Structures are given as C-alpha cells and as structure tokens.
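User: I am new to this structure. Please take me through a few of its features, with the general idea before each case.

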Amino acid sequence: DIIIGEETRRLAGDRIYARELDRLMVYGRVGGLAIYELLAVAEPETKPSSWVALYDSGLAAYRARDFEAATIYFQKLLDARPSDQPARIMLERCSQFIASPPGEDWEATNAMKAK
C-alpha cells in the first residue's frame, strides 16, 4: 500500500522487501520511472512471499510482449491472493493487449491518466 520510487528503492537496498509494480511515463525521462510497492522491512526472520515471484514473472512476460503467459502468472497470483490490485490491473492490461495487440513501437511504460 506504500509506493516508492527508484531512488528510494536504491537507497533502501537490502533493508527492505519491495516489488516493482510498473514503469510510468515521466516528462523529460526516457524509459519512464519504475515504481515499487514496499512490502516489508527486511529482517532475518522475514522474506518475500512466493506470490511476489508470480508477479515478477508476470511482469517479465508482459514486458516481453508474451501477454498470454503474463495472464497465467497474474491469474495464479490472484488465485492465491484475490485482493492483489496490481495483479488485477496487469491482468486487465494483458486482456486488452491480447484482444488488440500493441504496435511494434510499444514500450511497457504506462501513461497515468490521473494521480
């Protein structure tokens, strides 16, 4: 529920667990800006849950334009964690791209329509 930017993620290093959510278009920045969800403060007895790996795999497939594979990963995550809104958003994007594939110049960077 807490979103951080690239610089915060970099500065925190291995003191936190975070998952990359998306890349957002930012004026004046080529390739956009990665945003992350803060999951937990890293402690010896804590480690990221297995659902994070499903999201990471889905995100990688999405960026590789393999929307069918991404759909499988995001759906598996939602089966295990039904309240995961980022996975739900990505699943919807994949469905849209399967129905209407993006052009060759497509980049996996999202343009926000609202704050």
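**A buried arginine**

Analyst: Arg19 has a relative accessible area of 1%, so this residue is buried; buried means under 20% relative accessible area, exposed over 50% and partly exposed in between, with a 1.4 Å probe and protein chains only. The model is predicted: local features need pLDDT of at least 70 and side-chain atom pairs pLDDT 80 or more, while totals for chains, interfaces and linings use all residues. Residues are numbered from 1 along each chain as its sequence is written, and side-chain values use heavy atoms, without hydrogens and water.

User: Where is Arg19 placed, and which side chain does Arg19 join in a polar contact?

Analyst: Helices (H or I, at least four residues) and strands (E, at least two) are DSSP runs, numbered from the N terminus. Arg19 belongs to strand β2. A polar contact is a pair of N or O atoms within 3.5 Å; within protein, one must be able to donate a hydrogen and the other to accept it, and residues adjacent in sequence count only if both atoms are side-chain atoms. The side chains of Arg19 and Glu37 make such a contact at 2.7 Å.

User: The charged end of Arg19 sits over the ring of which residue?

Analyst: A charge sits over a ring if NZ of Lys or CZ of Arg is within 6 Å of the ring centre and within 35 degrees of the ring normal. For Arg19 the ring is that of Tyr55, with the charged end 4.6 Å from its centre. Arg81 likewise lies over the face of Trp51, 3.8 Å from the ring centre. Both Trp51 and Tyr55 are among the buried residues of α2.

User: What comes after α2?

Analyst: Most residues other than glycine have a negative phi. α2 is followed by Arg65, whose phi is positive, near 70°. Arg65 is in the loop between α2 and α3 (67-80), and is partly exposed, with a relative accessible area of 31%.

User: Which residues of α4 are buried, and why do they line one face?

Analyst: An α-helix has 3.6 residues a turn, so residues three or four places apart point the same way. In α4 the buried residues are Ala87, Met90, Leu91, Arg93, Cys94 and Phe97. Seen down the axis of α4, these buried residues fall within an arc of 165°, so they line one face of the helix; the arc is that of the directions from the helix axis to the C-beta atoms. Their cover includes β2 (16-26), α2 and α3. At the N-terminal end, Asp84 caps α4 with a side-chain oxygen 2.8 Å from the backbone nitrogen of Ala87.

User: How many aromatic pairs are found in the whole structure?

Analyst: Rings of Phe, Tyr and Trp (its six-membered ring) pair if their centres lie within 6.5 Å; planes under 30 degrees apart count as stacked, over 60 as edge-to-face and the rest as tilted. The search finds 7 pairs. In one of them, the rings of Phe67 and Trp106 have centres 5.5 Å apart and planes at 75°, so the pair is edge-to-face. This pair links distant parts of the chain, with Phe67 in helix α3 and Trp106 in the segment after α4, 39 residues apart. Phe97 and Trp106 also pair edge-to-face, at 5.4 Å centre to centre and 70° between the planes.

User: Which residues form one aromatic cluster?

Analyst: The cluster consists of Tyr62, Phe67, Phe97 and Trp106. The relative accessible area is 6% for Phe67, which is buried, and 18% for Trp106, also buried. Phe97 counts as buried at 19%.

Methods
Contact means heavy atoms within 4.5 Å.
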